[in-house]
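Please read it alongside the structure shown here.

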Amino acid sequence: MKKNQNYNAICSFCGREVEDFNLKYIRGPKANICSDCVLRSFEAITRSEKMSSNDIFDIKLPAPIEIKNFLDQYVIGQEHAKKVLSVAVYNHYKRIKYNSQNNKNSEFDDIELEKSNILLIGPTGSGKTMLARTLAKKLNVPFAIADATTVTEAGYVGDDVETILLKLIHAADGNIALAEKGIIYIDEIDKIAKKSENVSITRDVSGEGVQQALLKIIEGTIADVPPQGGRKHPHQDLIKINTNNILFICGGAFVGLDKIIESRISSKKIGFGSDVKANKEQAYDELFKELHPEDIIKYGMIPEFVGRLPIVSILKPLTEEDLIRIIKEPKNSIIKQFKWVLHLEDNIQLDFKEEAIEAIAKTAIKQKTGARGIRTIIEKIMLDIMYDIPSQNNIEKIIIDKDVIEKGKPVVLIKKEKEKTA
């Protein structure tokens, strides 16, 4: 019998031939499971039990201060936004906990607490996605990211809005009750704004129609989700999920929104366009303090959609000082990650000079990519290093200075003493 015909040598779950992958496996009467699949199954069951839908909120809900302190470890700057999000998320899960309890004898038993979804407005790379992801990490709830630009109105080529919910279900390992208490971050929400305020006879496939479709799941409904994603088909088994307790955080750059605010108020009051050139950051703050829901509606978001996102937080453009701190300080700092990886490669030290870090921050500012651009710049620098180093065994230290960033010069490699004297 050929090897690939021998069921004893093949994992019944992943289909891999265990001998080729050097795996251990458990053999049953008619099926086998490799050690890799056993580990994955154990992790999935453990995670599901840890986040059981019945007792997930029996634990103490972290206070807003505790939530913000956790955000501070991963997100630099944006102090006001972190405070707004910490309070909003705390109140959201407090609401879920209250609604799940029996309060019939309370004087507030007839009170209905409504869900408060969140809208984050800020330039690219200002930390919108990282804030949402870190919140979910702190609360240990399922989290999914969706891009509003991939969704189209029903009947057109593209994804249904229910595909967004499927991502959350997958994040909860198929546990529907757990997914119903998760967080969904919808990015690029400004890209589905109506093309104009005027009614048009042509269809706005990715604009108002998508807003109407998203509105249903954001405000709370029983949604039917295709298990394989994509479009719904007749006679297809659908997954039902209640979105009443799912927290939706929507984010977008809303380029041009400042002009709408500015045209509504006196430019002299803010300093935009006046003879006095105010500090850009201060002017940005002052301008967006005047933001009204009507401005977002004029931008192209329908009133009903804006009404379902009552909490609005503005993220400031990151300064050079912010970017320097982002490179060095957070727990998930990209430099810290590379230092750890190289430490595993025969204890190699990675030395990013302060002048190099400043040059990276300046480059990101010039490219207008914010914190998102930092990783791209550093990954590009580290590519050749990470390609070559695993094949060498004589490197003790790697030094990256300003010239590496600005002039494209090679990094400095310090060899081990034995190699020097040899």
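A residue counts as buried when its relative accessible area is under 20%. By that criterion, buried residues make up 41% of the 422 residues in this protein, which is a predicted model.

**Overall make-up**

- The protein contains 18 helices and 12 strands.

- Three strands form an open sheet in the order 10-11-12, and their pairing is mixed.
- Strand 10 (349-352) and strand 12 (412-415) stand at the edges, and because each has a single partner strand, one side of each is left without a neighbour in the sheet.
- On average, and with direction ignored, neighbouring strands of this sheet are turned by 20° against each other.
- The pairing of strand 10 with strand 11 (residues 395-400) is parallel and runs over 4 bridges, and I399 in strand 11 is the bridge partner of D351.
- Helix 16 packs on this sheet, where it touches both strand 10 and strand 11, and the direction of the helix makes about 150° with that of strand 11.

**The second largest pocket**

- The second largest pocket holds about 660 Å³ of space, and its lining is made up of 32 residues, of which G125, G127, M130, A371 and R372 lie nearest the centre.
- The elements that each give two or more residues to this lining are helix 4 (128-139), strand 5 (183-187), strand 8 (247-252), helix 13 (320-328), helix 14 (334-344) and helix 16 (370-388).
- Helix 16, which also packs on the sheet described above, provides the largest share of the pocket lining, with 5 residues.
- Sorted by class, the lining of this pocket comprises 13 nonpolar, 11 polar and 8 charged residues.

**Cavities**

- A search of the whole structure finds 2 cavities of 30 Å³ or more, and the second largest cavity contains about 30 Å³ of space.
- The lining of the second largest cavity consists of L119, I189, F254, I296, M301, F305, V306 and L309.
- By class, the lining of this cavity has 8 nonpolar residues, with no polar and no charged ones, while that of the second largest pocket includes 11 polar and 8 charged residues.

Conventions: Residues numbered from 1 in each chain as written. Predicted model: local features only at pLDDT ≥ 70, side-chain atom pairs only at ≥ 80, totals over all residues. Heavy atoms only, no water. 1 Å grid on protein atoms, 1.4 Å probe; cavity = no way out; pocket = protein on both sides within 12 Å on 5 of 7 lines; lining within 4 Å. Points joined across faces, edges and corners; volume = space filled by probe spheres on them. Nonpolar A, V, L, I, M, F, W, Y, C, P; charged D, E, K, R; others polar. Pairing = 2+ DSSP bridges. Axes fitted to C-alpha atoms, helices over the stretch in contact; angles between N-to-C directions. Contact = heavy atoms within 4.5 Å. Buried < 20%, exposed > 50% of the residue type's maximum accessible area, 1.4 Å probe, protein only.
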